[in-house]
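Visitor: I'm new to looking at proteins. Could you walk me through this one and tell me how you know what you say?

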Amino acid sequence: MNIPGEEFYSLIAAALKKRGEETLQRTLYLAMREAVLQGRLQAESRLPGSRVIAQQLSVSRNTVNAALEQLSLEGYLLRSRQGTRVAQLAQRGNRQDFPEPNVALAKRVMQLPEPTPRETPVLAFTPGTPAINYFPLPLWRRLYDRVLREEGSALLGYGDPAGEYSLRQAIARHLALSRGIVCDASQIVITEGALEGVNLCTQLLSEPGDIAWIEDPGYAGAKSAFAKSGLTMIGMPVDDEGMDWEGLHAARPSLIFTSPSHQFPYGSVLSARRRLSLLTLALQHKAWIIEDDYDSEFRYSGEPVPAMLGMVNNAPVVYLGTFSKTLFPSLRMGFMVIPPSLANAARSAIGALLRGGHRAEQRTLALFIEEGHYARHLASMRRLYRKRYRQLRDVLNAELHVAHRVLAAEGGMHLTVAIDGINDKAIVQQARAFQLAPAALSGYYLTPTQGQTGLVLGYGNTSASQFASGIRRLQALITQQQDGKA
């Protein structure tokens with residue numbers, strides 16, 4: 001067996017002198033590990049005792065022993081009563097010679113839509129963001145502190161995979177009053193936003209290769225969930241009555257995703273005729289409808305549109321809701337309501353797929369709902385968004401001179417403006433330099449190059465004082481683009 005010579009000690013000593021903020025023990029460990037990996041310490045070489053190494057390097061024997069023990073634990077050295085020797089590694093001396101990996105992502109990942117940038121602070125006209133500066137944070141903090149004070153460490157475990165029972169009860173009571181949905185806590189599963197609800201639906205109710213109908217244009221999160229689950233997506237056009245599948249003779253679906261109360265991004269409401277027709281179609285095809293009740297809380301004229309889940313008994317519908325849009329995004333809390341028969345069948349699977357957690361936040365939200373704070377906050381935000389909606393309509397009429405069509409009913413937190421013949425993605429990219437973040441309408445289509453172009457303008461977290469200057473800037477960018485084409 002070879003014993004390391006002066007060259008080895010010189011290399012280690014040089015490393016110790018350059019150790020910077022690392023401890024002596026850590027620096028010694030790293031230097032010796034590098035020597036093993038680079039082959040400077042050959043396999044089966046025997047190391048001197050820790051006392052000799054310590055004397056040669058002028059460090060304490062405890063420091064040397066600690067480094068040797070760590071290297072032995074990780075398998076670089078072998079220590080026994082006979083001494084310490086260097087282990088035989090599979091790859092030695094050519095660690096830097098590995099070629100750069102040929103990265104090839106899975107095909108289903110390549111189908112995912114482009115992610116939406118989410119800056120902090122939120123830029124003007126960002127879609128899907130509520131007025132977070134209006135959220136009653138001091139009240140929330142008091143409720144949260146109360147939960148911790150009363151229950152403390154009892155909430156530090158995982159909890160029920162379906163979510164805290166008190167929150168599920170509160171949601172059931174809220175839905176009965178606000179959405180006409182009669183259900184109990186056993187039918188409710190708490191999720192990390194609506195997207196996790198879509199993911200759960202694909203895992204529970206479909207197989208790779210199954211057909212999924214989606215709105216086109218529509219929610220990018222649903223496309224992501226279906227793509228990564230290996231589903232084949234068929235886009236259904238959207239008009240003033242919502243999703244329109246009639247007369248298309250599309251392949252039989254296993255899942256049908258729709259946002260009937262306020263379609264994103266068009267803003268249309270699925271008509272009662274189509275709702276009933278879609279329920280009948282799902283029953284005939286043994287398909288499940290995923291009802292994303294997006295923005296249903298914010299309607300500015302007439303009565304709230306009833307949920308599809310409550311239209312008929314035993315509807316083949318999984319209902320999704322979220323608090324990320326009504327309270328604040330980082331809460332990452334949503335829920336799904338599933339029919340009793342599905343709830344019973346899926347209970348074991350849900351326990352395997354979810355782990356629970358966020359228990360204190362869920363208990364806080366339960367109190368927030370039960371004590372009436374949630375209803376009051378919704379009413380306040382409804383008034384604010386109604387005012388901003390109408391102000392933005394007025395500003396568009398006054399400042400947006402390019403030919404356009406507003407594609408939105410009175411509700412929600414965004415307006416969609418269809419503008420023919422523009423490169424909306426380029427406009428959106430240029431707008432970011434001016435702290436504006438509208439979304440490109442074409443980006444919400446399955447095939448963006450074949451979709452309607454335009455801008456999706458979020459006003460939930462954008463002050464009305466920013467409307468006029470923002471729309472003027474967008475008008476200038478559109479004019480600049482059009483002049484460049486002339």
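**Starting from one threonine**

Guide: Let's begin with Thr 364, which sits in helix H12, residues 359-370. Keep in mind that this is a predicted model.

Visitor: Why is Thr 364 called buried?

Guide: Buried means under 20% relative accessible area. Thr 364 has a relative accessible area of 0%, so it counts as buried.

Visitor: What does Thr 364 touch, leaving out residues up to four places away in sequence?

Guide: Its partners there are Trp 140, Leu 143, Tyr 144 and Val 147.

Visitor: And what makes the pair of Thr 364 and Ala 360 a polar contact?

Guide: The cut-off for a pair of N or O atoms is 3.5 Å. A polar atom of the Thr 364 side chain lies 2.8 Å from the backbone oxygen of Ala 360, so the distance is within the cut-off.

Visitor: Let's zoom out. How many helices and strands are in the protein?

Guide: You'll find 15 helices and 15 strands.

Visitor: How do you know whether the protein is spread out or compact?

Guide: We set its radius of gyration against the globule rule. For 486 residues the rule gives 23 Å, but the protein has 30 Å, well over that, so it is more spread out than a compact globule. Its C-alpha atoms fill a box of roughly 85 × 60 × 50 Å along the principal axes.

Visitor: What share of the residues is buried?

Guide: Buried residues make up 49% of the 486, and Thr 364 is one of the buried ones.

How values were computed: Residues are numbered from 1 along each chain as its sequence is written. This is a predicted model: local features need pLDDT of at least 70, side-chain atom pairs count only at pLDDT 80 or more; totals for chains, interfaces and linings use all residues. Side-chain values use heavy atoms; hydrogens and water are left out. Helices (H or I, at least four residues) and strands (E, at least two) are DSSP runs, numbered from the N terminus. The radius of gyration is taken over C-alpha atoms; the globule rule is 2.2 Å times the number of residues to the power 0.38. Buried means under 20% relative accessible area, exposed over 50%, partly exposed in between (1.4 Å probe, protein chains only). A polar contact is a pair of N or O atoms within 3.5 Å; within protein, one must be able to donate a hydrogen and the other to accept it, and residues adjacent in sequence count only if both atoms are side-chain atoms. Contact means heavy atoms within 4.5 Å.
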